[in-house]
Amino acid sequence: DTDATSDADADTCGTVRSIHRYPVKSCGGEELSEVSLSRLSPVPGDRAFMWVDGEGKFITQRPKEPRQGNGGNGVPKMATIEASLTADGTTLKLSADGLEPLEVESIT
């Protein structure tokens with residue numbers, strides 16, 4: 001007796017309940033209602049940007065990272081910066097409590 005599983009059922013390995021994108025490394029992100037993926041393609045725009053210091057060294061939330069800028073000290077408050085991309089991916093939007101929102105256009 002063999003299992004009569006269809007090809008579609010055989011490829012199912014789970015259920016996606018939500019998809020999030022984090023356009024700027026170490027900042028807050030956004031929930032997406034849909035996204036196009038392939039086996040070799042990550043979520044478009046995910047971690048496409050990062051903060052760097054004046055010497056070009058990256059900055060993250062991590063408390064101690066010798067390779068990063070800011071004297072190797074992380075900036076945990078980066079998590080309070082919300083980042084999102086417009087649907088066409090050409091504008092990065094940044095916002096944080098107590099600050100005016102910032103939009104960076106033509107980032108492609």
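User: Which side chains does a polar contact of 2.8 Å join?

Analyst: A polar contact is a pair of N or O atoms within 3.5 Å; within protein, one must be able to donate a hydrogen and the other to accept it, and residues adjacent in sequence count only if both atoms are side-chain atoms. Here the side chains of Glu65 and Arg62 are joined by such a contact, at 2.8 Å. This is a predicted model, where local features need pLDDT of at least 70, side-chain atom pairs count only at pLDDT 80 or more, and totals for chains, interfaces and linings use all residues. Residues are numbered from 1 along each chain as its sequence is written, and side-chain values use heavy atoms, with hydrogens and water left out.

User: Where is the place of Glu65?

Analyst: Helices (H or I, at least four residues) and strands (E, at least two) are DSSP runs, numbered from the N terminus. Glu65 lies in the loop between β4 (58-59) and β5 (82-85). Contact means heavy atoms within 4.5 Å. Apart from its neighbours within four places in sequence, Glu65 is in contact with Phe58 and Gly72.

User: Is Glu65 buried or exposed?

Analyst: Buried means under 20% relative accessible area, exposed over 50%, and partly exposed in between (1.4 Å probe, protein chains only). Glu65 has a relative accessible area of 10%, so it is buried. Arg67, at 57% relative accessibility, counts as exposed.

User: How many salt bridges does a search of the whole structure find?

Analyst: A salt bridge is a side-chain nitrogen of Lys or Arg within 4 Å of a carboxyl oxygen of Asp or Glu. The whole structure has 4 of them. One of them pairs Arg67 with Glu65, with the closest N and O atoms 2.8 Å apart. Arg62, Glu65 and Arg67 are linked in a network of salt bridges. Another joins Arg47 to Asp46, with 2.6 Å between the closest N and O atoms.

User: With which residue does Arg21 form a salt bridge?

Analyst: Its partner is Glu30, and the closest N and O atoms are 2.9 Å apart. Both Arg21 and Glu30 are buried. Glu30 sits in strand β2 (residues 30-32), and its side chain also reaches the backbone nitrogen of Leu85 at 3.1 Å.

User: How many bridges join strand β6 to strand β7?

Analyst: Two strands pair if DSSP finds at least two bridges between them. Strands β6 (residues 91-95) and β7 (residues 102-105) run antiparallel and are joined by 4 bridges. Leu94 stands opposite Leu102 in β7. The two strands form a hairpin with 6 residues between them, and Gly98 in the turn has a positive phi of about 80°.
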